[in-house]
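Thanks for making the time this morning.

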Amino acid sequence: MSTPPDNDAAYHDLARIFSARRQDNRVLEIEILPPGLGPLLQDGDSIGITKKHLVQAFVTARRIFFDASHRTSGFHDACDYETPCETPRNGPPVPKQRDDLLNATEIILLFDCEHLTACNWRKKRLNALIQRHGSAGAGHTSREMLIRELDTELSLMTTYLCSPLHRHTKSPTLWNHRLLVLTRVLDVRNKGLAGTFSQPEDNKGLVLVQEMIKKELSVVLRSGELHPRNYYAFNYVRQLLEFLSETCEDTKDAAALRGGSTVHLVLDWCLAHPSDVSGWMFTLYLLETVRDEQIRTDSLDRVLRFAVDVGWEGESLWTFVDLATKIPGEGTLTKDQQCRPPWDMFAEPLLSDAGQERGWKAWLGRARAAWIAGHMSDNRVDG
């Protein structure tokens, strides 16, 4: 069945952009334009497209994708770009079919991030590439080619997850796909990750993994900015940390993955977005698993000092404070903490269990009392 010329033109516009992106492994920033602009604008890696133009491209992409499902050689082929493929008797060459399928699925996912059929085709393609190039006997060039393909898939997910699109930043399908691709990258690079943490002399492998976690956190935090309360994003990095911890031979290395630098980075984001409960709950998860009590104490100090200084009354922050003080090892205030601001204003009622309020409201009530007392004191001084 043929499609209108406008649909084909819209498809080729986007197919050209996605093909060029794959060649350079670039991350694009795509947003939907209002009807008065467009239909397609491009400034470097920034792409703007109207909803109408995207729908037109999707119609053609969907037709190409499902037409290929009837041609087994094209739909299931997983040859890489450099390997010559046998040309079928009827129909276009396999490399052409493969490029069309790659472009089609990327456009389909741009329009509908929960399109499981398109996403599953990309999973099957990557699995076929891994079986072909990721075996123990594969040469260095073949393995590098496979890693390049996997990295290109990761940059595509970054394009979707970090673009100001309505649904993509909070898509469970895209986050699950990213987790699968990243674990495949780690498996291919490190042969099961056992060797990554077995370098006691320089810990080079551990440093590389920590850098990777920071990179993934930057993607998660950007998605959290675009879509508040993004539980899917924070759950992704939680699953990633669990996966990496299970592959560590040394429990100290597993604890180091959630160390001070990771907590500090996430806490910076939370203090910049204090009403976002998803960020606070992920920070709580990190503090529950970190071994260094000094990191916990310093983190709580920062949060309390921020709340006291700005007069923050939001429930999310104070719920975090209440739950964080109940972590084993943090429930009792030391004498040093009782004397130190900002703990000093909370120490006496905490130790005496005074008042009827419990939970986050009790913490907020103590803070309000301290703010009122401080405000009255300032007025007396000014008078």
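How far apart should the end C-alpha atoms of helix H13, residues 293-310, be, and why? Before I answer, please bear in mind that this is a predicted model. H13 has 18 residues, and at 1.5 Å a residue these should span 26 Å, so the 26 Å that separates its end C-alpha atoms agrees with the expectation.

Staying with H13, let me turn to its two ends and then to its side chains. At the start of the helix, a side-chain oxygen of Asp292 comes to within 2.9 Å of the backbone nitrogen of Gln294, while after the helix comes Gly311, which has a positive phi, near 70°. Along H13 the buried residues are Ile295, Arg296, Thr297, Ser299, Leu300, Asp301, Val303, Leu304, Ala307 and Val308. As background, residues three or four places apart in an α-helix point the same way, because there are 3.6 residues a turn.

Now to the sheet, which is open and consists of three strands in the order E1-E3-E2, with mixed pairing. Its edge strands are E1 (29-33) and E2 (40-43), each of which pairs on one side only, and neighbouring strands are turned against each other by 15° on average, direction ignored. E2 and E3 (residues 46-50) run antiparallel and are joined by four bridges, and Leu41 stands opposite Gly48 in E3.

Two helices pack on this sheet. Helix H1 (residues 5-24) touches E1, E2 and E3, and its direction makes about 20° with that of E2; helix H2 (residues 51-68) also touches E1, E2 and E3, with its direction at about 85° to that of E3.

Key. Residues are numbered from 1 along each chain as its sequence is written. This is a predicted model: local features need pLDDT of at least 70, side-chain atom pairs count only at pLDDT 80 or more; totals for chains, interfaces and linings use all residues. Side-chain values use heavy atoms; hydrogens and water are left out. The expected span of a helix is 1.5 Å times one less than its number of residues. Buried means under 20% relative accessible area, exposed over 50%, partly exposed in between (1.4 Å probe, protein chains only). A polar contact is a pair of N or O atoms within 3.5 Å; within protein, one must be able to donate a hydrogen and the other to accept it, and residues adjacent in sequence count only if both atoms are side-chain atoms. Two strands pair if DSSP finds at least two bridges between them. Axes are lines fitted to C-alpha atoms, for helices over the stretch in contact, and angles run from 0 to 180 degrees between N-to-C directions. Contact means heavy atoms within 4.5 Å.
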